[in-house]
Amino acid sequence: MLQCIFLLSDSGEVLLEKQLTGHRVDRAICDWFWDQILTQGESLKLVPVIASPTHYLFQVVREGITFLACTQVEMPPLMAIEFLCRVADVLSNYLDGLNEDVIKDNFVIVYELLDEMIDNGFPLTTEPNILREMIAPPNIVSKVLSVVTGSTSNVSNTLPGATASCVPWRKTDLKHATNEVYVDLVEEMDATINSFVLPGFSVFLSLFLHYSGQLCSGSPVCIDGHPKQLANVFYLYSLSCSDLSPLLILLLLRDGNLVKCEIYGEVEVNSNLSGLPDLTLSFANPLIFNDVRFHPCVRLRPWEANQILSFVPPDGQFTLMSYRVKKLKSTPIYVKPQFTSDSGTCRVSVLVGIRNDPGKSIDNIAVQFKLPPCVKSSDLSSNYGSVNVLADKTCSWTIGRMPKDKAPSMSGTLVLESGMDRLHVFPTFKVGFRIMGVALSGLKIDKLDLKNPLSRPHKGFRALTKGGEFEVRS
Amino acid sequence: MAPPAQSHRSPSPSQPSGKGEVSDLKTQLRLLAGSRAPGTDDTKRELFKKVISYMTIGIDVSSVFSEMVMCSATSDIVLKKMCYLYVGNYAKHNPDLALLTINFLQRDCKDEDPMIRGLALRSLCLLGVANLVEYLVGPLGNGLKDGNSYVRMVAAVGVLKLYHLSASTCLDADFPPLLKQLMLKDKDSQVVANCLTSLQEIWSLEASTSEEAARERETLLSKPIVYYFLNRMKEFSEWAQCIILELVSKYAPMDTEEIFDIMNLLEDRLHHANGAVVLAIIKVFLHMTLSMTDVHQQVYERIKAPLLTLVSSGSPEQSYAVLSHLHLLVMRAPYIFSSDYKHFYCQYNEPFYVKKLKLEMLTAVANESNTYEIVTELCEYVANVDISMARESIRAVGKIALQQYDVNAIVDRLLQFLEMEKEHVTAETLVLVKDLLRKYPQWSHDCIAVVGNISSKNVQEPKAKAALIWMLGEYAQDMQDSPYILEGLVENWDEEDSTEVRLHLLTAVMKCFLRRAPETQKALGDALAAGVADFHQDVRDRALLYYRLLKYDVSVAKRIVNPPKQAVSVFADTQSSEMKDRIFDEFNSLSVVYQKPSYMFTDKEHRGPFAFSEELGNLSIGTEPSDAAVAAQRVEANDNDLLLGTSEKEEGHGYRSNGSAYSAPSYNASTTAGASQGHFDLVSIDQPSTVHPPASFAIDDLLGLGMPAAPSSAPPTLLLNAKASIDANAFQQKWRQQSISLSQETSIDPRGVAGMMNPQALPQHMQGHSINCIASGGQAPKFKFFFFAQKEDGSSAYLVECIINSSSCRVQLKIKADDQATSQAFSELFQSALAKFGSA
């Protein structure tokens, strides 16, 4: 199984080395690995499973920290990768985020954690709740406590009771002054939208604008009673090249092309309940799920039979289930990019607006795209929010909350490299947004019941939808 | 006071300014050692932290070992943990000092706090000093019987660590039966799981030498034990579940009813949040239903949704591992996934390796109903900024076209690509159009019209240029300008770097000439002249061939160069279906990620875990840095297989861990048959004799290596092909498949040994004798080389493993040959070449 785990900083420095078996792995492997990263470009682009001359390496990168594990024998790759991800999660949870300094400051804790999480290369316990009972996190509370009590150990002196209980994720004798349980639906919308279907589109647009006489580039158009929808136009064209006068262009109004749209959601529970509570959570519309995954505490039979979640929760914050809902029909906002090239310059205009009002306000809206390499310079501005072009040609337009009175738009010109007449690569727009109070999948919680509670607990429900991999192709 | 520890250890050269600080630490620690004043622990803690942080950044702090041990008498658990960590890191290289720690670790093993007992026991097992194992037995035995499950859990794994340190101690103490008892009785699931992992490893390593162990290993797979685990499945942690599921996947159920029982029991676990568990379950399902075709189909349907969810949730790293498995399944049964094609659409931000897998899957699932949408999506990627992605996408479009769905639309798309005026798109598309034309000659008209508009000046990539030139030649009568374009290309002959392009140009001009002689005559003359004068032999040969053909008879030339073409119906597939099956058998393993069966990159069963670690660490690489390294390792690994494949596995262990064992036995230096026979006995290869052809006919036939019908007597002289070549993979596969035909020991000229200082010297020297080095490695005094040579007529290949001991000037040879009868002759040739090394 795994023989060694290294933590590397973003400059390739070994922050920590944890040998797991009697067969030591030499640090030289890290140098080899880092050479690979340097020669292959960005570390994120490197395959997670690599064969080095001496070992098979698994790597997971989080916040600039590379978690590198080595083995020399065949093993399930996902087991190693899952484990490294867990290590990263637990560490960032313990240390309140991950970075080089925080690991250097707390390396003793990291060693202690790894000691309990894996022995002889086999993962043991990765449940944050159990680990917290064995090794106290370095938070302020424990620092205060150590001053007050004079005890300096950050290790609890008792072994967690749960290691012996039949509910391994929970300690048996928990007591909370206020009993409360919160359930959050956190959804991410992944969508791919094509603005235009044909790569050669912009040429025809400018041809059309040119020959139809009454129009000039950028002005609002009115066709068939649909004003201001130039960016929505989808062209089916047929033209005879020999003679341009009978140029025939068929315009169809079209609302972008939703290639794919789905929701990935998680049910996050924050439970602070005394004793050994038994919870049941049911949904009003459980049939919308395409697939589900559960925390180990969920009893699987009641779900199979009646789509009811029955579980004894771990203490604190955890992900009760994750789910996927496919084939959504629409998105809450639209982003309509348009590029028109003409003799070395390219006009850009991007419109953002609400397509389907979700009933709550949309905020944290941000549009990001990478300018094609052939763009020499750019001049972009917006009527709302701020536009930034970074050194690596990433252009980000931060809108924030959707204004009530106007539709945000960004426009400007791109100057192409000399020799280029028109733009022929079109960037993909990555869109971020957040809607509080709504689960866009339509999922509704029906009720949450508690068996054997010590007192009537306080229950709370929230929902949130974010933009996940939300892409608009121009 | 213990003596200062640093005496026999020279300071590490990498040590920066740390030296002074380390000695500071040493004094401070020493002052604290005996102190019991309040607050001492805090000071100690700071100091320990410093020591550990030095250790972490790579400064050698082994010199404070004895002070650390002296300070370890404390009740503070964090101090203890840091101390354990320190000791674990340095004990292996300071066995004398490690002895100092035994005492306090043993004492801690009896502490009243179970956590300290457990931690101390774990550290004790991690010391890794072979001559201290006797101190391990007692605490381990107590640990296994401890009242606290935490300690038992640590002890169960400790037994395995002890086994790796000293197998005999572990077995003599009767630990495996104890573990088995625990495994079947213990209430704590983690203890049970740890017992299982330890037992699995110990028994499978022992199985080759002890019948009892082999039997025990079988009982682990027996119905009662497997059912015992299955029934307790819910109690186990997610990681333990993975290990148990791996065991279950090896279990062979008696009948279909049993299979259904197991599957029903496990089915709900497909919803598990841990992807590793889900994949392990899927492996069980797939393996159990292999023989039941219809159920196997249903299993695919059932596992589809969980797999797709795993891909879309989690980090990119997890997605990749799952995608690799999904890729395997999609390739096996594309029709099942054809309606889920949208899941394989690429996201802009995904890393390239993920996109590539997705493209392959999109290509595989394309059928009549979804081709249009898939190709539309692929066209999006072609317009993408990412050049390598655009290329892959065009290739994918081409592959779909070659699968014969909706070719009309696709050809139109491809031709649109050519109009995009992007160099890489044009280049890639040209290669594809060429392939398409070979399969669908009926499209030539449309394609040629567009291709004819492309200026050859805009095409720079050799592959694309070759494709364009091929079309110019093949469709010379349809393309007006063809002879003139070719003429222009011939004029620039000297500037053309690529041999491939020059070869194609020759052929294209020739074809063009045979169709439109008057226009091409001049170009052909120039091309042939340039070709005959070309420095590349292949080009020269082809030019001469054409020249002589034309001189002999133009109509014959026409028949040969321009025969009526038949459309290609199937292009050769790169990965054989047998290989795919092999990978499928190894579902949920690294094989799937690498898309290679495990025998091609590792071999666990024969070797046992970690057996090759030390030796491989020293293996240096010859020419190509990374590829050759892996290749060399593979060759090495397979070589070990051969050694361990024999019955004397234990001996094999010693053989490798102790390098000098190679040269220890004193053999007769002569190369008589008797000596080689004697050597055979040592490595005990199952082969009765060297002279008779062994029973490897079947393999040779499979490979089509052309084994001579009856091995004739050795030819008087053996000539070797000077240009023989083989790639490392093929070599390694061959090495695996063939048995040793000759094994000899000889000596090498001491002057030659001096030449070994330069690692490239010997390979270069041997190349002069038509013997090529495939891989090399090792450190003084033991070097290892793999050579390859081929008989001049190509009828037999010779594979040689050559171990040179530079201190004793001994050379061990193992020779494998297709034609066994000539191996003796080859050996003589090899040795004479070797003898000349250094003497020249």
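A: A salt bridge here is a side-chain nitrogen of Lys or Arg within 4 Å of a carboxyl oxygen of Asp or Glu. This is a predicted model, where local features need pLDDT of at least 70, side-chain atom pairs count only at pLDDT 80 or more, and totals for chains, interfaces and linings use all residues. Residues are numbered from 1 along each chain as its sequence is written, chains are lettered from A and ligands numbered from 1 in the order in which they are written, and side-chain values use heavy atoms, with hydrogens and water left out.

Q: OK, what does A:Arg62 pair with?

A: A:Arg62 forms a salt bridge with B:Glu317, and their closest N and O atoms are 3.4 Å apart. A:Arg62 lies in strand S4 (residues 56–62) of chain A and B:Glu317 in helix H18 (residues 316–332) of chain B, so this pair joins two chains. Helices (H or I, at least four residues) and strands (E, at least two) are DSSP runs, numbered from the N terminus.

Q: Is A:Arg62 buried or exposed?

A: Buried means under 20% relative accessible area, exposed over 50%, and partly exposed in between (1.4 Å probe, protein chains only). A:Arg62 counts as buried at 18%, and B:Glu317 counts as buried at 5%.

Q: Which salt bridge links chain A to B:Lys161?

A: B:Lys161 pairs with A:Asp119, with the closest N and O atoms 2.9 Å apart. Both belong to a network of salt bridges that also links A:Lys18, A:Asp115 and B:Arg122.

Q: And how many salt bridges between chain A and chain B?

A: The count between chain A and chain B is 8. On the side of chain A that touches chain B, the largest share, 8 residues, comes from helix H2 (residues 77–94) of chain A.

Q: How many residues are in contact there?

A: 98 residues of chain A are in contact (heavy atoms within 4.5 Å) with 113 residues of chain B. Chain A and chain B bury about 9200 Å² between them, 57% of it on carbon and sulfur atoms. Buried area is the accessible area (1.4 Å probe) that two parts lose on being put together, summed over both.

Q: Switching to chain B: where do B:Lys522 and B:Asp526 lie?

A: Both are in helix H28 (residues 517–532) of chain B, 4 residues apart, about one turn of the helix. B:Lys522 and B:Asp526 form a salt bridge, with the closest N and O atoms 3.1 Å apart. B:Lys522 is partly exposed at 48%, and B:Asp526 is partly exposed at 34%.

Q: What about B:Lys814, buried or exposed?

A: B:Lys814 is buried, with a relative accessible area of 8%. B:Lys814 is in strand S5 (residues 810–817) of chain B. Leaving aside neighbours within four places in sequence, B:Lys814 is in contact with residues including B:Trp735, B:Leu742 and B:Glu801.

Q: Last one: what is the secondary structure of chain A?

A: Chain A has 8 helices and 28 strands. Of its 474 residues, 54% count as buried. Among contacts in chain A between residues at least 6 apart in sequence, 71% join residues at least 24 apart.
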